[in-house]
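Q: Could you walk me through the charged side chains in this one? I have the structure open.

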Amino acid sequence: MESSGFSKKAADLEAKGDKTLKGTFFGNLMRGKADRADEAKEHFQKAAQCYKLAENTERAIACYQKCIDCEENEADAATHYREMATCVKETDTDKFTQYSLKAIDMFSMSGRTSQAARMAQECGELMESNYD
């Protein structure tokens with residue numbers, strides 16, 4: 001699939017996620033907000049992956065931010081920050097560092113210190129390579 005195909009699919013998935021999150025009158029009576037948020041988060045994750053394949057990092061980051069907004073658990077939100085960081089790793093070191101630090105803090109607070117340490121090491125190596 002060419003990048004324009006991925007962009008269209010991503011836009012459709014993002015719209016579906018927004019619609020799912022908003023819900024309908026009768027749908028809201030039958031399903032709780034948490035259920036709608038989980039389903040919308042899946043659409044946003046798929047949309048972000050398609051945007052990454054289409055090399056549209058700004059929209060991918062926006063979709064990951066929507067995933068974070070849908071999360072109830074801070075530990076799960078850290079994964080989305082890590083994905084946001086990988087989107088900009090090659091292009092914007094400052095944003096990479098910003099997203100990585102958020103993920104490192106969240107991983108540390110949730111007891112996932114090995115993941116936090118790996119991210120801190122990756123962040124440090126990138127900063128060191130850019131310093132040279």
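A: What follows covers salt bridges first, then surface charge.

A: This is a predicted model, where local features need pLDDT of at least 70, side-chain atom pairs count only at pLDDT 80 or more, and totals for chains, interfaces and linings use all residues. Residues are numbered from 1 along each chain as its sequence is written, and side-chain values use heavy atoms, with hydrogens and water left out.

Q: OK, how many salt bridges does the structure hold?
A: Seven. A salt bridge here is a side-chain nitrogen of Lys or Arg within 4 Å of a carboxyl oxygen of Asp or Glu.

Q: Which residues are linked in a network of them?
A: Glu14, Asp18, Arg59 and Lys66.

Q: Start with Glu14 and Arg59. What is the N to O distance?
A: It is 2.2 Å for that salt bridge. Glu14 lies in helix α1 (residues 3-22) and Arg59 in helix α4 (residues 57-70), so the pair ties together parts that are 45 residues apart in sequence. Helices are DSSP runs of H or I, at least four residues, numbered from the N terminus.

Q: Is Glu14 buried or exposed?
A: Glu14 counts as buried, at 6% relative accessibility. Buried means under 20% relative accessible area, exposed over 50%, and partly exposed in between (1.4 Å probe, protein chains only). Arg59 is partly exposed at 31%.

Q: And what does Lys66 pair with?
A: Lys66 forms a salt bridge with Glu14, with the closest N and O atoms 2.9 Å apart. Lys66 is in helix α4 and Glu14 in helix α1, so this pair joins parts 52 residues apart in sequence. Lys66 also meets Asp18 in a salt bridge, at 3.2 Å from N to O. That pair again links distant parts of the chain, with Asp18 in helix α1 and Lys66 in helix α4, 48 residues apart.

Q: How accessible are Lys66 and Asp18?
A: Lys66 has 23% relative accessibility and counts as partly exposed. Asp18 is partly exposed too, at 35%.

Q: Switching topic: which residues gather in the patch of negative charge on the surface?
A: Asp35, Asp38, Glu42 and Glu72. Patches take residues with over 30% relative accessible area and no salt bridge, and like charges are joined within 9 Å. Asp and Glu count as negative, each charge being placed at CG of Asp or CD of Glu.

Q: Where does Glu42 lie?
A: In helix α3 (residues 33-53). Glu42 is partly exposed, with a relative accessible area of 45%.

Key: Patch = residues over 30% accessible without salt bridge, like charges linked within 9 Å, V, L, I, M, F, W, Y side chains within 5 Å. Areas by Shrake-Rupley, 256 points an atom, 1.4 Å probe, with all protein chains shown as cover. Helix = DSSP H or I, 4+ residues; strand = E, 2+ residues; numbered from the N terminus.
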